[in-house]
Amino acid sequence: SWAKDPRINGRLPYHLHDDGQTVRFWSVPEVSAAWDHGVRPGDVCLAPDTTPWRERTGSVARTKPWNIGYRALQGRVGEVVELAARRGDGSEVRWQEAVPPLPWERPISTGRLDAHTGYIRILGWLNSRKWHDQLTSAFDEMTPFARLVVDLRGNVGGALVAAQEARTRFLADRTLLGSIRYSTATGELDRPHDIVAEPVPSGPTWTKPVRFLTDPLCYSATEDFLHGLQ
């Protein structure tokens, strides 16, 4: 458990990996202050100091290196913090930036990996008109491609309804995704109930080959999004 100031409701747009000795930037968005300062994935993070978080972050071993960094990057929205990195060429850079709300400015981004492969990055699930419009536009952009990569790395969750709607865009027909059992008033488990989903009634879909990229920070609504698609 974590007792957290309710004003801590934002996070810097990076992911760090702390192996207990060295902290490295694992994800650096191209539309970020760190990127503008020449910081790239794999560069060493010198600030913020993750040492205090190593002792007070409860996590299983496979996720702890990422969870330490995730917590160290959280803060109050608007608070200006100092960051520092040692780049691959050995030079050090320092800069300041304000903590943005979560997810940050561009929760969905697109690109291409080659002439035949489209790419969608989803940083968080938001049940807002703007987010749904971004998702629709992303799928529209992918239409010419023969295959698709959806990058969910670092996506810790968000609005379940948004994740479920995005999931239906990958279904060709009514699909049995699995089952769920609810707890009863007596503390036992009810019988299994089927989880069935229908394709999205309108808007672009994707039924061509697709791969999803995940990591140990994929939690909550992201797991619901993935559930049954395999």
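Which residues in H3 are buried? In this predicted model, the answer takes in Pro-65, Trp-66, Asn-67, Ile-68, Gly-69, Tyr-70, Arg-71 and Ala-72. Because eight of the nine residues of helix H3 (residues 64-72) are buried, the helix is largely enclosed by the rest of the structure. The cover over these buried residues includes strands S1 (10-11), S2 (15-18), S3 (23-27) and S5 (74-75), along with helix H2 (51-56).

Turning to charged side chains, the structure holds eight salt bridges. One of them joins Arg-94 to Glu-82, with N and O 3.1 Å apart. Arg-94 belongs to strand S7 (residues 92-98) and Glu-82 to strand S6 (residues 80-86), so this pair ties together parts that are 12 residues apart in sequence. Glu-82 itself is partly exposed, at 42% relative accessible area.

A further salt bridge links Arg-147 and Asp-114, whose closest N and O atoms are 3.8 Å apart. Here strand S10 (residues 147-151) supplies Arg-147 and strand S8 (residues 108-114) supplies Asp-114, so the pair ties together parts that are 33 residues apart in sequence. Arg-147 is partly exposed, with a relative accessible area of 37%, and Asp-114 is also partly exposed, at 33%.

Helix H4 (residues 129-142) contains both Asp-133 and Arg-129, four residues apart, or about one turn of the helix. Their side chains meet in a salt bridge of 3.2 Å, N to O. An α-helix has 3.6 residues a turn, so residues three or four places apart point the same way. Asp-133 is partly exposed at 38% relative accessible area, whereas Arg-129 is exposed at 58%. Finally, a network of salt bridges links Arg-121, Asp-151 and Arg-153.

Notes: Residues numbered from 1 in each chain as written. Predicted model: local features only at pLDDT ≥ 70, side-chain atom pairs only at ≥ 80, totals over all residues. Heavy atoms only, no water. Buried < 20%, exposed > 50% of the residue type's maximum accessible area, 1.4 Å probe, protein only. Helix = DSSP H or I, 4+ residues; strand = E, 2+ residues; numbered from the N terminus. Contact = heavy atoms within 4.5 Å. Salt bridge = Lys/Arg side-chain N within 4 Å of Asp/Glu carboxyl O.
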